[in-house]
Amino acid sequence: MTSPLFEIDALQVAVEDKQIVNGLSLTLQPGEVHAIMGPNGSGKSTLANSLMGHPRYTITGGDIRLQGDSITEMAPDERARAGLFLAFQYPTDIPGVSMINFLRRAISARRGEEIPVREYRQLLNEVLGRLQMDEQFVRRYVNDGFSGGEKKRAEILQLGLLQPLVAVMDETDSGLDIDALRIVSEGINTFHSDDNAILLITHYQRILRYVQPDHVHVLIDGRIVESGDASLAERLERDGYEPFMERTKAEVLSS
Amino acid sequence: MTTPATEAPVTPRSEYEFGFHDDVEALVKLPKGLSREVVNTISDIKEEPDWMRKFRLKALDHFNARPMPEWGGELGDIDFNDIHYYVRATDRDESSWEDVPDYIKDTYDKLGIPEAEKQGLLAGVGAQYDSEVVYHNIREDLEEKGVLFLGTDQALREYPELVREYFTTVIPPNDNKFAALNTAVWSGGSFIYVPPGVTVDIPLQAYFRINSEDMGQFERTLIIADEGSQVHYVEGCTAPIYSSDSLHSAVVEIVCKAGSNVRYTTIQNWSNNVYNLVTKRATAYQDAVMTWVDGNLGSKLTMKYPAVYLMEPGAHGEVLSIASAGQGQQLDAGAKIVHAAPNTTSVITSKSLSMDGGRSSYRGLLKVYDGADGCRSNVRCDALMLDEHSRSDTYPVMEIDEKRVDIGHEATVSKVGDEQLFYLMARGLSEAEATKMIVNGFVEPIIKSLPLEYAVEMNRLIELQMDGAIG
């Protein structure tokens with residue numbers, strides 16, 4: 001039997017001695033889209049950043065496996081080269097470093113060999129066109145002076161260029177107007193194939209109208225408290241997180 | 001300057017490529033120490049006119065009378081009696097590499113100078129080895145237009161009146177202790193004269209090499225850009241690694257006449273046992289543009305603040321400074337701009353890097369005289385530290401005596417950010433590669449103002465230094 005594409009196994013994460021993620025488990029098979037939905041403070045960004053190996057987050061228990069191999073002890077760059085991708089909620093600007101130079105380095109790192117200039121140009125133009133982005137965009141410095149929408153588009157551009165196995169999207173829909181949301185969602189859908197998997201981490205249901213999830217999970221206090229199909233997202237949209245939070249509180253009190 | 005055995009030895013830069021030296025006995029090597037006799041001997045060897053000898057001796061008195069500066073870096077370890085003030089390897093300044101002694105030519109071959117000249121990347125080349133210029137050549141068409149590019153000693157022999165007219169007019173012998181020292185014992189350096197309206201389209205380059213141990217190199221460079229002319233001069237410098245220290249104390253004077261445009265680029269890559277204490281200053285007249293591009297990567301201690309005095313309306317001065325200090329290095333660099341006339345403009349951009357315990361500082365002075373109204377100036381100095389045990393300081397001083405001016409100032413000091421590193425590493429770049437990319441981005445505003453070959457060289461040198469620091 002082959003291993004699942006991506007497994008989060010009883011993961012526990014702390015930030016400065018404070019436990020944020022409390023034994024979270026999730027399995028992604030190739031071709032699947034999972035959505036994790038949670039209110040503010042439920043641990044969404046902690047989960048996203050710790051999956052990628054941010055040094056500020058300490059994994060205190062559990063395991064993360066990509067194609068059956070543990071990546072829990074790996075540095076962020078090793079995880080990326082192995083095929084994991086994080087679309088940042090707040091991408092950092094790096095003045096003086098052009099997108100075109102950075103993207104070429106990133107693709108070459110992911111592939112383990114230098115991408116030839118010609119192939120790079122073709123690939124870049126193709127993905128830029130798909131995202132309705134101007135060629136001049138990549139002449140700019142990485143995220144430097146980008147609007148909120150441009151930053152998110154730049155993340156999707158990287159997703160399309162790097163072709164990861166598993167893409168974790170951290171609140172990619174936040175701060176986008178309706179047109180940008182549609183373009184970004186199309187970018188995710190174009191990337192998605194039977195060989196990769198997507199984990200959408202979001203507060204709102206609206207991106208799920210464009211990117212159809214196979215599974216939806218509700219995150220409360222660093223735990224998945226409910227899982228279901230796409231209809232769960234609609235239920236959340238209608239009733240809010242309140243019922244789940246009440247239930248969690250009751251469970252904690254009774255335990 | 002032999003280091004006492006009890007002191008820590010000079011920190012070797014494992015990545016330093018030019019630490020070799022030639023083991024050939026010098027033709028002339030004055031005994032160590034500084035005296036009237038030494039100064040007279042240098043003047044005798046050069047068969048100079050009497051006025052120059054008098055200049056030297058007077059400057060020696062200035063040097064002796066002045067106290068050591070107590071700011072900048074630690075200068076107390078310099079023993080002026082433990083230095084050879086004049087070392088001459090050969091008795092000729094050649095205009096063909098074939099005539100330069102083989103072992104000296106080999107050195108310059110390793111530095112890639114004759115090759116660059118052969119490829120036509122340079123309009124002229126000068127090479128100084130210890131105290132004397134050993135090679136000078138300029139493209140024929142420029143020579144025909146009256147452009148002079150030769151060793152300052154040779155210029156003094158062939159064009160004494162021209163040298164005398166400008167020598168020490170920009171930097172007086174008593175300007176500071178080290179300018180006085182240079183004036184007393186100067187030897188070598190470049191002399192450039194560009195006639196009115198003449199454009200030197202590609203750079204003139206000079207290469208300074210210290211070979212001997214315990215020596216002082218005191219070159220003296222004088223550039224005169226006549227009205228409406230244009231020239232770009234580039235200097236590079238390297239030295240062998242020795243356990244004792246060497247001293248490099250140059251003086252560079254530049255006169256930018258009305259409407260001229262002068263750019264002076266330095267890529268300083270001395271070994272880590274060199275004290276680099278240099279005075280550089282330009283005067284810019286009506287509508288002239290003077291730009292210093294100052295890259296400092298080497299030396300044990302550098303104290304250098306290229307200056308532009310804006311003397312007439314419309315003059316523009318610019319200083320672009322990069323300093324990158326690694327283990328055992330202190331680079332105190334910066335800029336000085338003096339607005340002495342109305343409607344003059346200036347820009348200072350400084351980027352200092354420190355890593356592996358190194359220390360870099362920006363020290364700047366912006367002065368606007370009363371009556372110099374309508375001046376505009378923008379000063380931006382940024383410092384980036386690669387680790388906790390490195391140090392970066394900024395000392396920006398402004399003396400503004402005129403109200404109707406427009407002055408902008410911005411300074412930042414930062415550490416390579418965790419978030420930036422994480423972002424790049426999340427895209428598959430190793431920590432070392434990510435750090436290099438962040439540093440390259442940091443120095444980019446200055447690198448992009450360099451001609452391509454020098455931009456490549458500067459980036460390469462910074463990366464080499466980082467290889468030593470971040471492994």
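Chain B contains eleven helices and 24 strands, and the model in which these elements are seen is a predicted one.

**Overall form of chain B**

- Chain B has a radius of gyration of 21 Å, which agrees with the value near 23 Å that a compact globule of 471 residues would have.
- The C-alpha trace of chain B extends over about 65 × 55 × 50 Å when taken along its principal axes.
- Of the 471 residues in chain B, 55% count as buried.
- When the contacts in chain B between residues at least 6 apart in sequence are considered, 82% of them join residues that are at least 24 apart.

**The ten-stranded sheet of chain B**

- Ten strands of chain B make up an open sheet with mixed pairing, and their order is 4-3-7-10-13-15-18-20-22-24.
- The edges are taken by strand 4 (132–138) and strand 24 (405–415) of chain B, each of which has a single partner strand, so that one side of each is left without a neighbour in the sheet.
- On average, and with direction ignored, neighbouring strands of this sheet are turned by 5° against each other.
- Within chain B, strand 15 (residues 289–296) pairs with strand 18 (residues 316–325) in the parallel sense over eight bridges, and M290(B) has G317(B) in strand 18 as its bridge partner.
- Helix 10 of chain B packs on the sheet, where it touches strand 18, strand 20 (345–354) and strand 22 (375–385) of chain B, and the direction of this helix makes about 160° with that of strand 20 of chain B.

**The side of chain B that touches chain A**

- In the contact between the two chains, 18 residues of chain B meet 23 residues of chain A.
- The elements that give two or more residues to this side of chain B are helix 9 (418–425) and helix 10 (431–447) of chain B, and helix 10 of chain B gives the most, with seven residues.
- By class, the side of chain B that touches chain A comprises nine nonpolar, five polar and four charged residues.

**L236 in chain A**

- Leaving aside residues up to four places away in sequence, L236(A) touches M37(A), Q205(A), V218(A) and Y241(A).
- L236(A) and V218(A) are 18 residues apart along the chain, and their C-alpha atoms are separated by 8.8 Å.

Key: Residues numbered from 1 in each chain as written. Chains lettered and ligands numbered in written order. Predicted model: local features only at pLDDT ≥ 70, side-chain atom pairs only at ≥ 80, totals over all residues. Helix = DSSP H or I, 4+ residues; strand = E, 2+ residues; numbered from the N terminus. Rg over C-alpha atoms; globule rule 2.2 N^0.38 Å. Buried ≥ 20, exposed ≤ 12 C-beta atoms within 10 Å, placed from the backbone. Contact = placed C-beta atoms within 7 Å. Nonpolar A, V, L, I, M, F, W, Y, C, P; charged D, E, K, R; others polar. Pairing = 2+ DSSP bridges. Axes fitted to C-alpha atoms, helices over the stretch in contact; angles between N-to-C directions.
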